[in-house]
Amino acid sequence: MRLTTRTNLASRVLMFCAVHEGKLVKSSDIAKACNASGNHLGHVVHKLQQHGFVETLRGRAGGLRLALGPRDISIGKVFRLFESSVPFAECFAADDNTCPLTGTCRLRDFIKRAVEAFYHELDMITLDDLVCGNCGLEAILQLAPNPSSLCSETNLPGSAH
């Protein structure tokens, strides 16, 4: 199983915004910090905005920020938003399924249950679970070199304990 680039970028955008919660951040800063194409990022931000995960403000002083608190953003919902249009296997594609086994294949049912279990696990994870106390992530995604007080130098990756 492999997630689409857009799902991966959506996770990065939301984590970046959560690290800078309450502040407007620029897409260009997210793209730079997350090694992402500005064009792909724009599509992802637009979809996140359409579905109420982020707010955007246009113009020179514009940017984006979380529209919900990190505890209110389910990672399962985000993944479904970006992955639901991509069939897991050919037999799940309504339009172009050419598999002759679809009607009697038991594997399809097992895969369907496994995918549902995957999403069930992600439904229990919030954006807050990904960022709260994650000093390494905060250090990587900071715009300025001053991580929060919860992230002392000894809690950062690669530092001596």
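This is a predicted model: local features need pLDDT of at least 70, side-chain atom pairs count only at pLDDT 80 or more; totals for chains, interfaces and linings use all residues.
Which residue in S2 is the bridge partner of Leu-57?

**Stop 1: the hairpin.** Select residues 54-57, strand S1, together with residues 63-66, strand S2; the two run antiparallel and are joined by 4 bridges. Leu-57 has Gly-63 of S2 as its bridge partner. Next, select the 5 residues that lie between S1 and S2 in this hairpin. Within the turn, Gly-59 shows a positive phi of about 105°.

**Stop 2: the largest nonpolar core.** This core holds 36 residues, and those touching the most other members are Val-13, Leu-14, Ile-30, Leu-48 and Leu-127. Select helix H1 (5-19), which gives the most to the core, with 9 residues.

**Stop 3: Leu-127.** Centre the view on this residue. Leaving aside residues up to four places away in sequence, Leu-127 touches Leu-14, Met-15, Ala-18, Leu-66, Pro-70, Ile-73 and Ile-75.

**Stop 4: H4 against H5.** Select residues 75-83 (helix H4) and 106-123 (helix H5), whose axes come within 6 Å and cross at roughly 135°. H4 is therefore oblique to H5. On the H4 side, show Ile-75, Gly-76, Lys-77, Phe-79, Arg-80 and Glu-83; on the H5 side, show Phe-118, Tyr-119, His-120, Leu-122 and Asp-123, which complete the contact. Coloured by class, this contact comprises 5 nonpolar, 2 polar and 4 charged residues.

Technical notes. Residues are numbered from 1 along each chain as its sequence is written. Side-chain values use heavy atoms; hydrogens and water are left out. Axes are lines fitted to C-alpha atoms, for helices over the stretch in contact, and angles run from 0 to 180 degrees between N-to-C directions. Angles under 35 degrees count as roughly parallel, over 145 as roughly antiparallel, 65 to 115 as roughly perpendicular and the rest as oblique. Contact means heavy atoms within 4.5 Å. Ala, Val, Leu, Ile, Met, Phe, Trp, Tyr, Cys and Pro count as nonpolar, Asp, Glu, Lys and Arg as charged, and the others, Gly among them, as polar. Two strands pair if DSSP finds at least two bridges between them. A nonpolar core is a set of buried Ala, Val, Leu, Ile, Met, Phe, Trp, Tyr and Cys residues joined through side-chain atoms within 4.5 Å. Buried means under 20% relative accessible area, exposed over 50%, partly exposed in between (1.4 Å probe, protein chains only).
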